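Please read this briefing alongside the sequence and the 3D view, taking each topic in turn.

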Amino acid sequence: MKKKILYWEDVEVGAEIPSLPKTATSQMLVKWAAASGDFNPLHYESTFAENQGVGKPIVHGQLKRAWLVQMLTDWIGEEAFLKKFSCQFRAMDYPIMMKSLTEPAEERTTHFCKGKVTNKGVENEAHFIECDIWVENDKGEKSTPGKATVILKIKGDE
Amino acid sequence: MLSEEITRLIGKSGEPMILEVERGAIRKFADAVGDRNPLIWDDEYARNSRYGSVVAPPGFFGWPVKWDSPMPFFSPIREELITASIKAGFSRIVDGGIEYEFFHPVRVGDTLVAVAKIADIYARETKGGTLVFSVTETSYTNQHGVLVAVASQTLINR
């Protein structure tokens with residue numbers, strides 16, 4: 001496998017981060033609950049979700065956070081360092097159900113992780129970029145907006 | 001106005017929690033996210049990388065070695081806060097967002113100590129009623145005494 005290096009010099013302010021599509025399914029939420037230790041019934045129990053005022057079980061905010069982190073690490077590669085990351089959970093997102101062990105009931109992408117470079121600079125010899133990042137749902141809402149700061153390599157500095 | 005029962009928790013820290021970063025747990029996490037990064041899934045690739053071993057994706061800090069709660073990662077101080085909020089009539093809880101600062105990679109085999117502190121609690125009046133924001137700041141330190149990350153998580157009770 002060829003190692004990808006994103007150099008600071010090659011990143012321009014205004015550039016878009018390659019978008020990462022995700023389809024939230026009920027199965028994915030179960031996996032996330034087990035992997036993250038979030039066993040809040042809000043994410044798997046209809047009556048509870050209704051009583052909590054969100055209608056039906058919602059996608060874990062922290063799962064959307066992990067998608068955004070993946071979008072960044074896929075893009076920046078392993079030579080870069082994710083320094084700062086933040087996101088806010090502003091809107092509810094809902095999973096689609098499964099029709100079989102392996103297939104979602106509907107053939108569609110429910111979410112896209114996206115981002116844009118907003119600034120670049122040098123501080124204490126670290127070459128950094130700043131980005132706006134967000135998860136967009138299929139209603140076009142930016143349900144999970146955030147920011148990230150990444151330290152990148154410069155050319156010739158191996 | 002927030003009751004003394006809630007505000008007395010501001011500045012309080014929970015007992016340190018010990019977390020182990022196991023390979024299977026890292027992969028379970030990455031699988032739930034849909035992250036197929038070879039640094040996580042390919043032992044040989046990871047060994048030859050600059051990390052020298054499988055690494056955890058940013059934001060994964062292993063699993064507690066001991067827990068006694070339906071939410072294994074919740075520090076007792078956070079449970080105390082949730083209990084006090086529910087008692088004060090704010091029984092609906094949503095995750096507001098998270099902020100990380102990363103200092104050092106987390107590798108397979110690391111043992112981390114997490115210390116959670118209630119950094120802030122404040123109320124905001126909205127058309128829909130009072131919202132209570134609480135910020136839990138958690139620091140993660142590895143077995144070499146190196147601070148690897150600080151996370152600030154905001155819960156919203158209403």
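Predicted model: local features only at pLDDT ≥ 70, side-chain atom pairs only at ≥ 80, totals over all residues.

A search of the whole structure, over all chains, finds 9 aromatic pairs.

**Stacked rings in chain B**

- The ring centres of Phe61(B) and Tyr140(B) are 3.8 Å apart and their planes meet at 10°, so this pair counts as stacked.
- Because Phe61(B) lies in the loop between helix H4 (43-47) and strand E2 (63-64) of chain B, while Tyr140(B) lies in strand E5 (residues 129-141) of chain B, the pair ties together parts that are 79 residues apart in sequence.
- Phe61(B) and Tyr140(B) are both buried.
- Tyr122(B) and Phe133(B) are also stacked, because their ring centres are 5.1 Å apart and their planes are at 0°.
- Tyr122(B) belongs to strand E4 (residues 111-126) of chain B and Phe133(B) to strand E5 of chain B, so this pair ties together parts that are 11 residues apart in sequence.
- Tyr122(B) has a relative accessibility of 28% and therefore counts as partly exposed, whereas Phe133(B), with a relative accessible area of 9%, is buried.

**An aromatic cluster and charges over rings**

- One aromatic cluster is formed by Phe85(A) together with Phe61(B), Tyr100(B), Phe102(B) and Tyr140(B).
- Lys28(B) has its charged end over the ring of Trp63(B), at 5.9 Å from the ring's centre.
- Arg36(B) lies over the face of Trp41(B), and its distance from the ring centre is 3.9 Å.

**Where chain A meets chain B**

- The contact involves 39 residues from chain A and 38 residues from chain B.
- About 3,200 Å² of area is buried between chain A and chain B, and carbon and sulfur atoms give 53% of this area.
- Ala35(A), Gln52(A) and Glu78(A) supply 18% of the area that chain A buries against chain B, which is more than any other three residues supply.
- There are 3 salt bridges across the interface of chain A and chain B, and the side chains of Arg50(B) and Glu79(A) meet in a salt bridge with an N to O distance of 3.5 Å.
- The interface of chain A and chain B also has 15 residue pairs in polar contact, with both residues at pLDDT 80 or more.
- On the side of chain A that touches chain B, helix H1 (26-36), helix H3 (61-76) and strand E2 (81-88) of chain A each supply at least two residues, and H3(A) gives the most, with 9 residues.

Conventions: Residues numbered from 1 in each chain as written. Chains lettered and ligands numbered in written order. Heavy atoms only, no water. Phe/Tyr/Trp six-rings, centres within 6.5 Å; stacked < 30°, edge-to-face > 60°. Helix = DSSP H or I, 4+ residues; strand = E, 2+ residues; numbered from the N terminus. Buried < 20%, exposed > 50% of the residue type's maximum accessible area, 1.4 Å probe, protein only. Lys NZ or Arg CZ within 6 Å of the ring centre and 35° of its normal. Contact = heavy atoms within 4.5 Å. Buried area = accessible area lost by both parts, 1.4 Å probe. Salt bridge = Lys/Arg side-chain N within 4 Å of Asp/Glu carboxyl O. Polar contact = N/O pair within 3.5 Å; in protein donor to acceptor, adjacent residues only side chain to side chain.
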